[in-house]
Amino acid sequence: MTRVSTGGNYGNVLSNIMAAQQRQMEAGNAVATRKKGEDLKDYARNAEFLTAMRSVDTRLGGFLEQNKIIADKLTTQDFALNQVGESAASTKQAIEEAIATGRTDTLMQEIEAHFRNSVSGMNSRYAGKYLFAGGKIDTQPVTAQSMADLTTPPAIIADFFENDDFITEHKVDDSTVVKTGILAEDLGTDILTAYQTIQAFHEGPDAFGGQMTDAQRTFLEGQLSVWDDLYSDTIDRTARNGMVQARVEGVKADLVTRQDSLRGMIGDITDADLAEAASALEQATLSLQASTQVFLSLKESSLLNVLR
């Protein structure tokens, strides 16, 4: 025969109350945090798997952050290349207009302005670092300040470039490396040479200004194809920069897809079912209320109350 005692009943009821409180707390945490547990010990069976997946997620996040920086740099580089290309196109246009009007009154002032704009493009910076300086990111890659500098003895075009030969590369995911660097010397040697040629002619016996002479016309007509080639070359470099941009964006989209999929897998393990958690919370609350009511009823039926 099972012995029934007041102490035993109290013990059972208190045990039920404590269990109900524990279930209520766990369910409440699940509803509040939307997680099944607080740390890896709560996912003991999947702890190793979760650790590995979170490591991969962290690595993917690192690539995404780096790719954002690379994409911003390439966008700035695109602006700079377009600036150099537009300067070449504008120089050609100024020559064409001079030939068409037969006058060269302001030709050199216009070309000088386009020269400065071109040099400014080649000296463009991103995050305070020169884009086309190679590894010498703190050194201005093109030192010429005016077209007159290009003909000042010894007037060697290579001397106006301070970049080194380092071509920047970036690893954008586990298996893809892209070259993002362009050297000012490669971009601007032919351009500065063309400006030097114009400046040298201007400093000769047929300096530009006023009515165009036959010698000036012959010279300027010969320059049209030079500037057309320079513009085409810059556009080609801009297009190649755009191809690298597209590749980085493609890798970025793939990384986002992979990270979303991975986080979905992690969520399947760690995320709580809110409907199920809410139901569990309600059941635990009812259980706690019932156990408390039983405790109160047991207290009222105690023999001590009868003997008072």
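At 9% relative accessibility, does Phe 208 count as buried or exposed? Phe 208 counts as buried (under 20% relative accessible area, with exposed over 50% and partly exposed in between, for a 1.4 Å probe and protein chains only).

The model is predicted, so local features need pLDDT of at least 70 and side-chain atom pairs count only at pLDDT 80 or more, while totals for chains, interfaces and linings use all residues. Residues are numbered from 1 along each chain as its sequence is written, and side-chain values use heavy atoms, with hydrogens and water left out.

**Figure 1. The whole chain.** The protein chain has seven helices and four strands (DSSP runs numbered from the N terminus: H or I of at least four residues for helices, E of at least two for strands). From the N terminus on, the order is α-α-α-β-β-β-β-α-α-α-α. Of the 308 residues, 37% are buried. Accessible surface comes to about 17500 Å², 53% of it belonging to carbon and sulfur atoms (Shrake-Rupley method, 1.4 Å probe; for residues, only the protein chains shown count as cover).

**Figure 2. Aromatic pairs.** The whole structure holds five aromatic pairs (rings of Phe, Tyr and Trp, the last by its six-membered ring, with centres within 6.5 Å; planes under 30 degrees apart are stacked, over 60 edge-to-face, the rest tilted). The ring centres of Phe 115 and Tyr 195 are 5.3 Å apart and the planes stand at 80°, so this pair is edge-to-face. Phe 115 belongs to helix 3 (residues 107-122) and Tyr 195 to helix 4, 80 residues apart. Both Phe 115 and Tyr 195 are buried. The rings of Phe 201 and Phe 208 also have centres 5.3 Å apart, but with planes at 35° that pair is tilted. Phe 201 is buried, at 19% relative accessibility. Ring pairs join Phe 115, Tyr 195 and Trp 227 into a cluster.

**Figure 3. Surroundings of Thr 197.** Thr 197 sits in helix 4 (residues 184-202) and is partly exposed, at 32% relative accessibility. Neighbours within four places in sequence aside, Thr 197 is in contact (heavy atoms within 4.5 Å) with Phe 219 and Gln 223. Leu 150 is 47 residues from Thr 197 in sequence, and their C-alpha atoms are 8.9 Å apart.

**Figure 4. The second largest pocket.** This pocket has a volume of about 290 Å³. Its lining has 15 residues, and Lys 73, Tyr 126, Lys 129, Thr 168 and His 170 lie nearest the centre. A pocket is an open set of points on a 1 Å grid over the protein atoms alone, where a 1.4 Å probe fits, with protein on both sides within 12 Å along at least five of seven lines; lining residues have an atom within 4 Å of a point. Helix 2 (47-101) and strand 2 (129-130) each give two or more residues to the lining. The largest share, four residues, comes from helix 2.

**Figure 5. Backbone details in two loops.** Most residues other than glycine have a negative phi, and most peptide bonds are trans. Pro 153 and Pro 154 are joined by a cis peptide bond, with omega about 5°. Pro 154 lies in the loop between strand 2 and strand 3 (169-171). Ala 155 is in the loop between strand 2 and strand 3, with a positive phi near 50°. Ala 155 is partly exposed, with a relative accessible area of 24%. Ala 127, in the loop between strand 1 (125-126) and strand 2, has a positive phi near 55°. Ala 127 is exposed, with a relative accessible area of 66%.

Note on methods: Grid points are joined across faces, edges and corners, and a volume is the space filled by probe spheres set on the points.
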